[in-house]
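This report describes a structure chain by chain, from overall architecture to individual residues. The sequence and the coordinates are shown first.

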Amino acid sequence: MSPFSHKSNTARDELGLMLSRQIRLTHSGGPNSGPRKDAMNTPAKPQDHKAAYTGADAVVACLKHQGVEVIFGMTGGSIMPVYDALFRDGSIQHMIVGHEQGAAHMAEGYARATGKVGVVMTTSGPGATNLVTGLADAFMDSTPMVAITGQVTSNLLGNDAFQEADMRGITMPITKHNYQISSVDELPGVFAEAFFVALSGRPGPVLIDLPKDVMTAPCDHLLAAPSAPTGYKPPYRGHPLQIERALKVLAQAKQPVILAGGGVIIAGAHEELRELARITGIPVSTSLMGLGAFPAGDELYLGMPGMHGTGYANLALHQADLILCVGNRLDDRVTGQLDTFAPNAQFIHIDVDASEIGKNLPCLVPIVGDAKPVLAAMVKGVAAWDEKPDYSLWRDQIETWKSCYPMTYADKSPAIAPQAVVELLGRTLPQEAIVVTGVGQHQMYTTQFYPFKEPRTLISSGGLGTMGFGLPAAVGAKVGAPDKEVVLIDGDGSFLMTIQELATAVRYKVGIVVLILNNNFLGMVRQWQEMFLDKRQAETDLQPPPYARVAQAFGGLGREVSTTEELVEAIAWARAEAAEKHLPVVLDVAVAREALVLPMVPPGGANADFIPCPGQKREE
Amino acid sequence: MDNLSPISVLVRNERGVLSRVSGLFARRGFNIYSLAVGETDDPKVSRISVVVAGDPPVIDQVVKQLRRLVSVIKVSDLTGRPRVERGLLMIKVNAPHDKRGELLQLVQIFRARVDHVDNQGLILEVTGNREKLEAFIDLLRPHGIQEMARTGQIAMARSQGPMADYWSESASGYDMEEEGTYNISRAAERLAQEIDKQD
């Protein structure tokens, strides 16, 4: 039985049913409907309150109303009443984590795998501040998340009380929105809005700070949403006249490129993207966050652009006369030196967040809207063209670049090339398997050499570049998608940062494969030291613990791998064990210590001046 | 300082909203020239009037970033629009007997008011747009300014006037005031017209 199936407890189910009926009734009755007397006699209600419910009950009712299946978190002094209410209710799965940062990344992994809102819950003070990295990560990568943090009682607020931290102030710049609830009456409205804000438009993390007295305050009605005035109206369709203009500009282009980002995956617009590319014949490049939106191996696919992108993607963008940028924010890792990026190109920019358009580069045709309806409208528009533009010369040019700068790597056997491990996984895993990464060289090898073909198959920390993201995100992804195989490709530096979540994976029987590309280095920094700092290896030589044995000590499985021959068998073993025993299986793979991520655009350089793969020469 | 733009922001009247807006400016390196906050006729809504220094692309970003905030209901960029703009200045200035007449003349010219007088000097109060207040300060400076306090500039668009139609709804059909739906900037508007001309 899956550890995440709902418990069947009739009394609790009944309460849940009543609560959900209450929700609907109060909604239709408007904000002034009184309490429902028939819902008050429930076996699980707390004894020490005269009113039907407490604020904590309202929190649980709101979460259920939003369809929350699982919460990642850790209890503590200021959040206990909500945990008590969760316990009494019993219908929402909760997973205790090793550290609150892990909870936040699990929620991200869950959200990225499912497209649903990830929910975390922590106590006040340190519990809440430990979420900060995860919130910032989710904010950068537009991941829908709701974080519920306990807070000291209202009369102590601002007094430097025990375990008090100003979470609203701290998280203001790294959340899409945040709230501090001051009365139990606000609860339902805030929760409804929080989930809507987190998921709609450009998704992001939302934090709700909940003083303890609000949780224990008597509460007569669980759902009464007083609507606050708001200008929050996420755009959707995209202006039809702008789409028309985009088509007009597109029809005149000679050397166009589509640059797709994570927005395409969030919007579920991969089919529309593929269709547009197919009927126009325009080549497509995807940023790290967009990997999987377009199938690797397709003849129109250019791979990832930017700092560690393919040479041909960078050259194509450099020579393009038109870039159709969709759900991509033209981050510095994509563009390199801005004034040298795509010098001849005009931009059509589709984004649901207007502020991303024109932020870094001037744009000819801005289209503010969700990628799915906008791309669908463009497909329709292109289908109506009398004659299709002929890009064959342009594609021939790109083919030439592809043959000049193919993705290769140095193989210094007997040492295992890390890229070879990724390639092997790519040949081995089914196409719908979810690959999670940490941050560093192993992450870049994964993006370069793993053939992502489906959306939501790569879960990686893109914008914030959070080392330690991998393990908890993989756990969250497996919880969200229990039927899919989840493989974490991690580095020896990254893995150590959140290694405590092995305990979580073991406790809740989360069967994931962890493949550590172990070079005993903080490899990406070492690479920069080698290339730009005369090989001075300041604080990058790691002596990581024996991860296979650490995994065993946590109650998982582990094995060390040091030869290519062992690798194939070890991967098969790990996959089988993870599937069968529902445990984390760690493969600690010793890889070539001084491998380099190439191609590489030197920091501050122009994308067209990339350092190519070994054995290739950059001409022009 | 001729690249100042008055921007009017309607926000939810809730705790921390000013911190959200000012934090945004600090974080993204936008320069605030002045800022004023007050409730509107609807107690649930406040208006933040902010004057920002920056070139058009910067102002474009300011407006878009403000619109991202969930607490923000509406953002109007009043740059170049026919508008009424006022700030209040209080200024304590040296006023020896032989100079008082001259100072009171200035008060008349600027339609200022004398709020207080004693042997130490005068407290004057004047309202007006930026240029008027700056001119008043410049004229008082030689007399010796002891203390000065001023409010942020507040502004309101004129709904009647030669350009009012253009600003409320532009020629090509974009409702410039309609936030959250299409959100097109003025620069984009001009480009759109150019694309339309091509054939």
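The structure is a predicted model.

## Domains of chain B

The domain assignment divides chain B into domain 1 (4–82 + 161–187) and domain 2 (85–154). Six residues from domain 1 of chain B and six residues from domain 2 of chain B take part in the contact between them.

On the side of domain 1 that touches domain 2, strand 2 (31–39) and strand 3 (45–53) of chain B are the elements that give two or more residues. Strand 2 of chain B contributes the largest share of that side, three residues. By class, the residues on this side of domain 1 of chain B are four nonpolar and two polar, with no charged residue.

## Contact between the chains

Chain B gives 31 residues to its contact with chain A, and chain A gives 28 residues. On the side of chain B that touches chain A, at least two residues each come from helix 1 (17–28), helix 2 (56–68), strand 4 (72–77) and helix 6 (186–197) of chain B. The largest share of this side, seven residues, belongs to helix 2 of chain B.

The side of chain B that touches chain A comprises eleven nonpolar, ten polar and ten charged residues.

## Overall form of chain A

Chain A contains 24 helices and 20 strands. Its radius of gyration is 26 Å, close to the 25 Å that the globule rule gives for 620 residues, so chain A is as compact as a globular protein of that length. Along the principal axes, the C-alpha atoms of chain A fill a box of roughly 80 × 60 × 45 Å.

Buried residues make up 56% of the 620 residues of chain A. Of the contacts in chain A between residues at least 6 apart in sequence, 78% join residues at least 24 apart.

## Helix 10 of chain A

Helix 10 of chain A has 13 residues (residues 240–252) and, at 1.5 Å a residue, should span 18 Å; its end C-alpha atoms lie 19 Å apart, which agrees. The buried residues in helix 10 of chain A include Gln242(A), Ile243(A), Arg245(A), Ala246(A), Val249(A) and Leu250(A). They cover an arc of only 160° around the axis, which puts them on the same side of helix 10 of chain A.

## Surroundings of Leu502(A)

Leu502(A) belongs to helix 21 (residues 501–507) of chain A. Leu502(A) counts as buried because it has 28 C-beta neighbours inside 10 Å, the threshold being 20 or more.

Beyond its neighbours within four places in sequence, Leu502(A) is in contact with Ala551(A), Phe554(A), Gly556(A) and Pro584(A). Leu502(A) and Val585(A) are separated by 83 residues in sequence and by 9.6 Å in space, C-alpha to C-alpha.

## Backbone features of chain A

The peptide bond from Ser413(A) to Pro414(A) is cis, with omega near 15°. Pro414(A) lies in the loop between helix 16 (392–404) and helix 17 (418–428) of chain A. The peptide bond from Leu598(A) to Pro599(A) is also cis, with omega near 5°, and Pro599(A) is placed in the segment after strand 20 (585–590) of chain A.

Asn520(A), a residue other than glycine, has a positive phi near 60°. Asn520(A) sits in the loop between strand 18 (513–518) and helix 22 (523–532) of chain A and is partly exposed, with 16 other C-beta atoms within 10 Å. Lys535(A) is likewise not a glycine, yet has a positive phi of about 65°. The loop between helix 22 and helix 23 (547–554) of chain A holds Lys535(A), which counts as exposed with 10 C-beta neighbours inside 10 Å.

Conventions
Residues numbered from 1 in each chain as written. Chains lettered and ligands numbered in written order. Predicted model: local features only at pLDDT ≥ 70, side-chain atom pairs only at ≥ 80, totals over all residues. Domains from an automatic or database assignment. Contact = placed C-beta atoms within 7 Å. Helix = DSSP H or I, 4+ residues; strand = E, 2+ residues; numbered from the N terminus. Nonpolar A, V, L, I, M, F, W, Y, C, P; charged D, E, K, R; others polar. Rg over C-alpha atoms; globule rule 2.2 N^0.38 Å. Buried ≥ 20, exposed ≤ 12 C-beta atoms within 10 Å, placed from the backbone. Expected span 1.5 Å × (residues − 1). Arc of directions from axis to C-beta.
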